[in-house]
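Please look over the model shown here before reading the notes.

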Amino acid sequence: MDTFLQQLVNGLTAGSVYAVVALGYTMVYGIIQLINFAHGEVVMIGAMVAFTMINLLAPAGMPALAVLLIGTGCAIPVCMLVGYSMERFAYRPLRGAPRLAPLITAIGISIILQHLALLVWSRNVLAFPQIIESRTYMFGGTAITNVQIAIIAICFAMMAGLALLVYRTPLGTAMRATAQNPQVAGLMGIDTNRVIALTFVIGAALGAVAGVLFGTYYGVAQYTMGSILGLKAFSAAVLGGIGNIPGAMLGGLLLGVVEALGAGYIGDLTDLCQYGVFAGTLEACKDGGNFVLAGSNYQDVFSFLVLILVLVFRPQGLLGERVGDRA
Amino acid sequence: MMPRKNPWAVRAGVLLVAITLAVLPFALAQVGTAWVRITNYAVLYILLALGLNIVVGFAGLLDLGYIAFYAVGAYTYALLASPQFGLHLPFWIILPIGAAVAAFFGLVLGAPTLKLRGDYLAIVTLGFGEIVRIILNNLSRPVNITNGPQGIGGIDPFRVGEFSLASPQELLGLEVSGPIKYYYLLLAVLLVIIVVNLRLQNSRIGRAWEAIREDEVAARASGINTTNIKLLAFAMGATFGGVAGGMFSAIQSFISPESFVLVESVMVLSMVVLGGMGNIWGVILGALLLSFVPEILRWTVEPAQMALFGRMLIEPEVIRMLLFGLALVLVMLFRPAGLLPSAVRQRELTARGQGELPERAT
């Protein structure tokens with residue numbers, strides 16, 4: 001039970017970050033039916049910019065919170081600019097082109113951003129300096145750190161903020177209208193190009209913060225971090241129903257939990273020595289040894305498996321209405 | 001089809017190309033054996049690109065995990081002809097096995113994804129490729145099968161009796177090195193595969209793929225068994241990948257999961273897209289360009305940087321990847337059908353709506 005609760009807490013922390021990144025995918029998909037492959041790289045750039053600033057400022061003896069805020073404050077505009085430029089120069093000219101074209105462009109942008117980051121920051125891992133004093137709170141046998149609490153809180157606040165923006169403001173109404181029918185939205189006086197650009201920019205800003213949080217949680221940032229994080233977040237978006245904003249949030253949290261529980265239990269479940277048939281026959285099982293088929297090093301496989309299973313059995317996702325073969 | 005030309009001119013042209021290809025390795029060997037190796041890898045990439053072209057170009061199914069089949073072929077060869085298990089089967093037995101195993105994996109990937117199209121398919125295939133790589137990376141415990149990240153070494157070269165393709169030989173007074181022998185083998189395989197591709201393209205199956213790519217519902221309505229035809233595309237593409245993988249294993253004599261990362265899939269895709277999806281000659285051109293240009297850059301950019309700045313500012317590897325990314329973006333923006341477009345694809349990719357947003361699935 002302790003393992004279960006502990007993995008649940010860890011899963012929720014990672015999952016809330018996935019959820020925020022997944023929002024970036026789902027908003028863009030909802031509005032122009034494009035998988036923005038490069039979104040993961042935007043998140044990575046956010047983390048790298050913030051970490052560079054934090055590493056510059058940390059030795060100056062400023063309070064930790066100020067350093068973090070300045071770092072994130074620098075990352076957000078950079079990511080917004082990146083998000084805007086890719087929409088403006090790579091995707092907008094392809095509006096109305098067949099689906100394959102912007103998708104391939106997105107893959108290209110992703111490679112370009114990743115290797116530009118490699119040029120700027122080299123292959124080295126940027127470490128997060130020890131500026132936050134880590135405190136651990138115990139609830140029964142479950143440990144939760146102040147960093148985890150902060151990450152979960154910030155992510156939920158951002159999700160709530162985005163929900164307010166989309167469902168309670170004129171801009172949100174315009175976004176939903178454009179998603180439903182761009183032509184009619186245009187006829188109603190909505191500048192659809194502007195709305196689409198803003199969607200990219202908002203997604204990128206959320207991604208920047210998510211990148212900082214993710215980097216802070218694991219203590220490192222590297223130019224390759226975007227691709228796997230992006231894939232997981234995309235899986236989360238699909239799990240919840242792509243194009244559906246509450247779906248992305250639910251999908252992210254679920255995926256984080258599934259992944260953490262999977263990593264926590266797969267080693268025990270695939271230990272053949274606990275099954276009678278093998279226990280007697282396998283050499284390794286003697287003297288209380290074990291024979292683990294798959295350990296937690298398969299963690300990254302879970303998100304892909306979830307993704308494939310969802311697409312095969314429920315392509316519209318948990319909360320979605322869209323169907324997979326629309327794509 | 002091609003317009004009729006003077007048959008003698010065509011024959012002379014073919015003869016000229018044949019002679020060039022035959023003499024090429026000896027000319028390259030004068031510059032350096034490294035260039036013969038580079039040429040061999042370029043031919044391997046052409047094989048891969050032609051295989052992926054069946055899936056992406058002919059059938060219109062975007063596959064981002066194609067390198068997984070290459071990995072399956074390579075690992076099948078490596079496991080059956082290396083000290084890893086002490087097996088040393090001859091290549092003419094292993095290559096068909098490798099092709100069959102890869103085809104099986106093609107079906108494994110194809111079957112659950114039949115319903116999916118476009119971007120969904122892309123992401124599932126991407127996940128599939130990563131799963132294969134992660135598994136290869138971790139199959140060293142509890143039973144050591146793939147030797148994990150260390151990879152498998154000491155893989156047998158292609159060998160018939162005493163004649164090994166890896167060792168140099170004196171032939172008619174000419175020094176024939178290992179890579180040169182492999183070059184001729186690869187060239188022969190390439191010719192076979194080009195012929196197979198050309199025949200496929202205009203066959204009943206080829207036209208069925210094209211029909212599915214254009215409009216799946218209409219294709220089904222016209223009596224095409226879309227399920228089987230799509231699975232066939234996956235299996236066929238995978239088979240080519242598997243054969244190429246086996247040859248890669250033998251030539252390289254060492255493989256590890258690092259050779260089969262996502263970037264490789266993207267690279268092969270870039271070749272297909274740059275050259276022209278669906279056009280065999282275009283795909284070959286794309287593969288040649290993206291194989292050789294980075295190598296040429298490597299040989300020019302490095303010394304140029306050393307001379308100008310006294311140190312390496314930009315690694316050639318980074319330039320290569322930036323080039324791939326740029327190729328994808330620029331081709332899609334300015335020449336969406338590729339450098340040598342296939343006639344049908346060009347019509348399809350340039351027929352854009354008048355400033356309308358994509359509303360319907362293509």
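This is a predicted model: local features need pLDDT of at least 70, side-chain atom pairs count only at pLDDT 80 or more; totals for chains, interfaces and linings use all residues.

Residues are numbered from 1 along each chain as its sequence is written, and chains are lettered from A and ligands numbered from 1 in the order in which they are written.

**Confidence**

- Chain A has a mean pLDDT of 86, pLDDT being the predictor's confidence in each residue, from 0 to 100. In chain A, 91% of residues reach 70 or more.
- Residues 323-327 of chain A have a pLDDT below 50. Beyond near neighbours in sequence, this stretch has 17 contacts in the model. Two residues are in contact if their C-beta atoms, placed from the backbone, lie within 7 Å.

- Two packed helices are described by the angle between their axes and the distance between the axes. Axes are lines fitted to C-alpha atoms, for helices over the stretch in contact, and angles run from 0 to 180 degrees between N-to-C directions.
- Helices (H or I, at least four residues) and strands (E, at least two) are DSSP runs, numbered from the N terminus.
- In chain A, helix H9 (residues 225-240) packs on helix H12 (residues 299-313) at an angle of about 30°, with the axes 9 Å apart. H9(A) is therefore roughly parallel to H12(A). Angles under 35 degrees count as roughly parallel, over 145 as roughly antiparallel, 65 to 115 as roughly perpendicular and the rest as oblique.
- The H9(A)-H12(A) crossing is left-handed. That term applies if the near helix is turned anticlockwise from the far one by less than a right angle, and right-handed applies if clockwise.
- H9(A) contributes residues including Ile228(A), Leu231(A) and Lys232(A) to the contact. Among those from H12(A) are Asp300(A), Phe304(A) and Leu307(A).
- By class, this contact has 9 nonpolar, 2 polar and 2 charged residues. Ala, Val, Leu, Ile, Met, Phe, Trp, Tyr, Cys and Pro count as nonpolar, Asp, Glu, Lys and Arg as charged, and the others, Gly among them, as polar.

**Helix packing in chain B**

- Helix H10 (residues 262-275) and helix H11 (residues 280-309) of chain B pack at about 125°, with axes 7 Å apart. H10(B) is therefore oblique to H11(B). Their crossing is right-handed.
- The contact of H10(B) with H11(B) includes Met267(B) and Leu274(B) of H10(B), and Gly282(B) and Leu289(B) of H11(B). Its residues divide into 10 nonpolar, 4 polar and no charged.
- Helix H2 (residues 33-58) of chain B also packs on H10(B): the axes come within 9 Å and cross at roughly 70°. The two helices are therefore roughly perpendicular.
- Met271(B) and Val272(B) of H10(B) take part in the contact with H2(B). Both are also listed in the contact with H11(B). The H2(B)-H10(B) contact has 9 nonpolar, 2 polar and no charged residues.

**Single residues**

- Ala238(B) lies in helix H9 (residues 226-252) of chain B. Ala238(B) counts as buried, with 34 C-beta neighbours inside 10 Å. A residue is buried if 20 or more other C-beta atoms lie within 10 Å of its own, exposed if 12 or fewer, and partly exposed in between; C-beta atoms are placed from the backbone.
- Contacts of Ala238(B) outside four places in sequence include Phe69(B) and Gly106(B).
- Gln33(A) has a positive phi, near 50°. Gln33(A) sits in the loop between helix H1 (2-32) and helix H2 (39-57) of chain A.
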